[in-house]
Amino acid sequence: MSDVVPVAAAEMAAAGFSRIALGLEYKGARYRGFQRQAGNVSSIQGCLESALSKVAGGEPINIMCAGRTDASVHASGQVVHFDTAVERPLHAWIMGANMNLPKDISVTWARVMPAHFHARFSAMARRYRYVIYNDPIRPAHMAEEVTWNHRPLDVTRMREAARALVGTHDFSAFRATQCQAKSPIKTVHHLQVIEHGCFIVLDIRANAFLHHMVRNIAGVLMAIGAGERPVEWAREVLERADRRSGGVTAHPYGLYLVQVEYPEEFELPQRYLGPHFLSALADVRQG
């Protein structure tokens, strides 16, 4: 990995500080979410800022992220940025942070960015994957990394129902009551239902997401797949624009932020789509 500072960052260097972007992956099971919280509460942000501060020789580090994932939600493609006056080679931010992070959090890459880059506001789209383990017997392995559903799920029904949710819609029915987004109007670019053995993966890409939107979509599609609701129910829930009509919110364990997309000018690294245990499945990886 090159440690050469891009020309686009020259204005920040002249001001005496740099904006650094990092790629991040983590297992969210032990944390109360990404965002730093008051009190002795474990968060991804708190752990990462502490680790980066050690690399910076004790300078406080404040990070901004592309998406604040909830408690027990994972990521294989999270993006963050921070500003610092401390000069370090890029590999030092990666290796130094990883030496000081818990084993379930890893920095995967680092880049020096121009002043107008923002991990959250520069993002054009985000992509999540929701992994369902569909089997009568609960899994002894990966119990905190997949959502177990013991009911047989009909993938054909789930795919048909998912089509109603693609496009630009009012997703109020799939929005948590505590959601702070200014508008419920979002554009879902694709919503694929991929089956491989006992795994069913919901792969969803949108310009932005509401709080609990993916988990609420997963809850609706699983109810339809189990035959508890008709295929038309997904469209009916969407059109009612009322969260009370949308059924249960699915568990967080199977949810992964797998990709954040930015304009090409930023030239951020592109890694394979996660999660890791699905990386060998060509139809999921390339979907």
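Helices here are DSSP runs of H or I with at least four residues, and strands are runs of E with at least two. Keep in mind throughout that this is a predicted model.

1. The unreviewed UniProt entry places "domain: Pseudouridine synthase I TruA alpha/beta" at residues 25-121 and 161-263. Over residues 25-121, the chain is 24% helix and 25% strand, with the end C-alpha atoms 20 Å apart. For residues 161-263 the figures are 22% helix and 30% strand, and the end C-alpha atoms lie 32 Å apart.

2. On to the rings: searching the whole structure turns up seven aromatic pairs. One of them joins Tyr26 and Phe34 in a tilted arrangement, at 6.2 Å centre to centre and 45° between the planes. Tyr26 and Phe34 are both buried.

3. Have a look at Phe117 and Tyr262 too, another tilted pair, with 5.2 Å between centres and 50° between planes. This pair links distant parts of the chain, 145 residues apart: Phe117 is in the loop between β4 (105-113) and β5 (125-134), while Tyr262 is in the loop between β10 (255-261) and α7 (282-285).

4. Are Phe117 and Tyr262 buried or exposed? Phe117 counts as buried because its relative accessibility is 0%. Tyr262 counts as buried as well, because its value is 11% and the cut-off is under 20%.

5. Last, a charge over a ring: Arg229 has its charged end over the ring of Trp233, 4.4 Å from the ring centre.

Key. Residues are numbered from 1 along each chain as its sequence is written. This is a predicted model: local features need pLDDT of at least 70, side-chain atom pairs count only at pLDDT 80 or more; totals for chains, interfaces and linings use all residues. Side-chain values use heavy atoms; hydrogens and water are left out. Rings of Phe, Tyr and Trp (its six-membered ring) pair if their centres lie within 6.5 Å; planes under 30 degrees apart count as stacked, over 60 as edge-to-face and the rest as tilted. Buried means under 20% relative accessible area, exposed over 50%, partly exposed in between (1.4 Å probe, protein chains only). A charge sits over a ring if NZ of Lys or CZ of Arg is within 6 Å of the ring centre and within 35 degrees of the ring normal. UniProt positions are given in the numbering used here, feature names are shortened, and annotations may be inferred rather than shown by experiment.
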